[in-house]
Amino acid sequence: MFMSISTTGSAESPATDLGFLLHKHPGKVQRFTTSHGEAHVFYPEAGDELCTAALLLDVDPIALVRKGRGKGRGGSPDFALAQYVNDRPYAASSLLAVALRTVFRSAMKGVCQARPELPELARPLRIALPAVPANGVGEGGGPEMVARLFEPMGWRVEAEAVPLDEAFPEWGESRYVRIELAAESVRLSDALHQLYVLLPVLDGAKHYWVAPDEVDKLLAAGEGWLADHPERALITRRYLSRRWSLTRAAMERLELARLAEADDREVEEIDNAVADEPDETAQEIPGAPTGTAPASGNPGNPGNPGNPGNPGNPGNPENPEAPAPGKQPSLAEQRRAAILAALRETGATKVADLGCGQGELIGALLKDARFTGILGVDVSVRALRVAARKLRLERLPERQAARVTLAQGALTYTDARLKGFDAAVLCEVIEHLDLPRLPALESAVFGSARPGAVVVTTPNAEYNVRWESLPAGAVRHADHRFEWSRAEFRAWAERVASAYGYTVELRPVGPQDPEVGPPTQLALFRTAAGTTTDTAATTADTETTTATTTPTPEGGEPR
């Protein structure tokens, strides 16, 4: 296997600085032992204006077979079909990727003690790979795949398919590609990390068994570029040899990294909707084959990438203890009942629970056969895992489980998966967002996804004086960024309805206090095309506002 890396320079910044970056002297030929043969590093040319470093990996085919023998699933499928006759000694693959990490470890880390300023400097690079397998059955292999993988990162790609036999052009092209990559300004460490990931991706196979630690290797090497790569699903799937459990775990972590970077936050701030070690003895939620409803409502992350919610303590007014038999239902239960009544009134059958948390509302939806399609969306991976466990999705009958889809996503970004639903629910969600982020949610839900109906619930701040355990001026949950009065919620609801062409009805949830109103307020938004099948469900307490489609000039914050 062969690869060369070239750079240009000048007398002031000589190209031979490449030797410092690679930690390999341009005047020497060096040899390194790898697990499958010997790697040689040498410089075909080394001058101030042009310097080229070459890596030649001399693979021992006998050692290759021996290491893949007797390990069950540990050997590559290629070896089972072709023991001593295969392309591994010649075509750049995961063997070369491992050699890169072995020989150029310091360069990949971006470390240079002799010239510490060099690793952070971007420079022109040209990388040549004369033979790379580019398999892509059903995934568009060949030169096209090379371009799809490298061009989004700023490389100019020259890729040419190698013919099976130049003397017999009618035989067609082989699965191998000659590749030349050029970039005007790139850090060497970034280029090596990209090669480390994409060489086995192009090959579509690895010479060793892919274990769970490969996810960590992928995310470490892909830091800074993989999360935003348009082909990240393809890269992840092929790098992890199509091991679906590992691929799913990697994609979840990549999505968290992407959202964290977009909001300039740490990943830990996003994925903290539930504890690291959820209580395995917790009761299953409604809709599961067995179990009863938990006390809490829908405390999961509302979709704001930086503000996931957490279940409160027992004294939290939004998470009261479950009532004893014969007593008044908890506020969380009353809230779910009000949401279900509003959904039934609209005639919705496909419902998206946005900011689904641990799935309490989804469990209630599952108990009603009219809801044939249920999507739960949350930015917290941990919350979704807890929801799947509490819903007992793996134990539900196939037809029942097929009604539910859990998906990771942030509600402040448009998402094509949210389109096509009859109704969407934002249960105790909006108050978890910073007010400047609220217009982004409005646009994503009411503008882009645009379901026929949207049900929104949020605390009534006026009612807080009735909670004896709540200090004056405090909010009900530590993660609440605001809590609105009835007038503020009405102003927001009417503005959103007007801006996006909905009508809105305001409804109380929970006991009505003659002075401060209900503990929770609900808004039911409906488009002009929305259907109503059970208008009798509207109570005398309903306040209705019909909005026009003329947007208001004010911003996203209520007055």
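Colleague: How many helices and strands does the secondary structure of the protein come to?

Modeller: The model is predicted, and the protein in it has 559 residues, 52% of them buried. Its secondary structure comes to 17 helices and 15 strands.

Colleague: Among contacts between residues at least 6 apart in sequence, what share joins residues at least 24 apart?

Modeller: Contact here means heavy atoms within 4.5 Å. Counting contacts between residues at least 6 apart in sequence, the share that joins residues at least 24 apart is 73%.

Colleague: Is Ser-4 buried or exposed?

Modeller: Ser-4 belongs to strand S1, residues 2–8. Setting aside neighbours within four places in sequence, Ser-4 is in contact with Thr-52, Ala-53, Ala-54, Arg-126, Ile-127 and Ala-128. Buried means under 20% relative accessible area. The relative accessible area of Ser-4 is 10%, so Ser-4 is buried.

Colleague: How far apart in space are Ser-4 and Leu-56?

Modeller: In sequence, 52 residues separate Ser-4 and Leu-56. From C-alpha to C-alpha, the distance between Ser-4 and Leu-56 is 8.7 Å.

Colleague: Are the rings of Phe-446 and Phe-525 stacked or edge-to-face?

Modeller: A search of the whole structure finds 11 aromatic pairs. The ring centres of Phe-446 and Phe-525 are 4.9 Å apart, and rings pair if their centres lie within 6.5 Å. Planes over 60 degrees apart count as edge-to-face. The planes of Phe-446 and Phe-525 are at 70°, so the pair is edge-to-face.

Colleague: Which residue lies over the face of Phe-421?

Modeller: Arg-115 lies over the face of Phe-20, at 5.3 Å from the ring centre. Over the face of Phe-421, at 5.3 Å from the ring centre, lies Lys-350.

Colleague: How much accessible area do Leu-164, Phe-168 and Trp-171 have together?

Modeller: Trp-171 is in the loop between strand S6 (156–163) and strand S7 (173–186). With a relative accessible area of 49%, Trp-171 is partly exposed. Leu-164, Phe-168 and Trp-171 form a nonpolar patch on the surface, and their accessible area together is about 330 Å².

How values were computed: Residues are numbered from 1 along each chain as its sequence is written. This is a predicted model: local features need pLDDT of at least 70, side-chain atom pairs count only at pLDDT 80 or more; totals for chains, interfaces and linings use all residues. Side-chain values use heavy atoms; hydrogens and water are left out. Rings of Phe, Tyr and Trp (its six-membered ring) pair if their centres lie within 6.5 Å; planes under 30 degrees apart count as stacked, over 60 as edge-to-face and the rest as tilted. A charge sits over a ring if NZ of Lys or CZ of Arg is within 6 Å of the ring centre and within 35 degrees of the ring normal. Patches are made of residues with over 30% relative accessible area and no salt bridge: like charges are joined within 9 Å, nonpolar side chains (Val, Leu, Ile, Met, Phe, Trp, Tyr) within 5 Å. Accessible areas come from the Shrake-Rupley method with a 1.4 Å probe; for residues, only the protein chains shown count as cover. A salt bridge is a side-chain nitrogen of Lys or Arg within 4 Å of a carboxyl oxygen of Asp or Glu. Helices (H or I, at least four residues) and strands (E, at least two) are DSSP runs, numbered from the N terminus. Buried means under 20% relative accessible area, exposed over 50%, partly exposed in between (1.4 Å probe, protein chains only).
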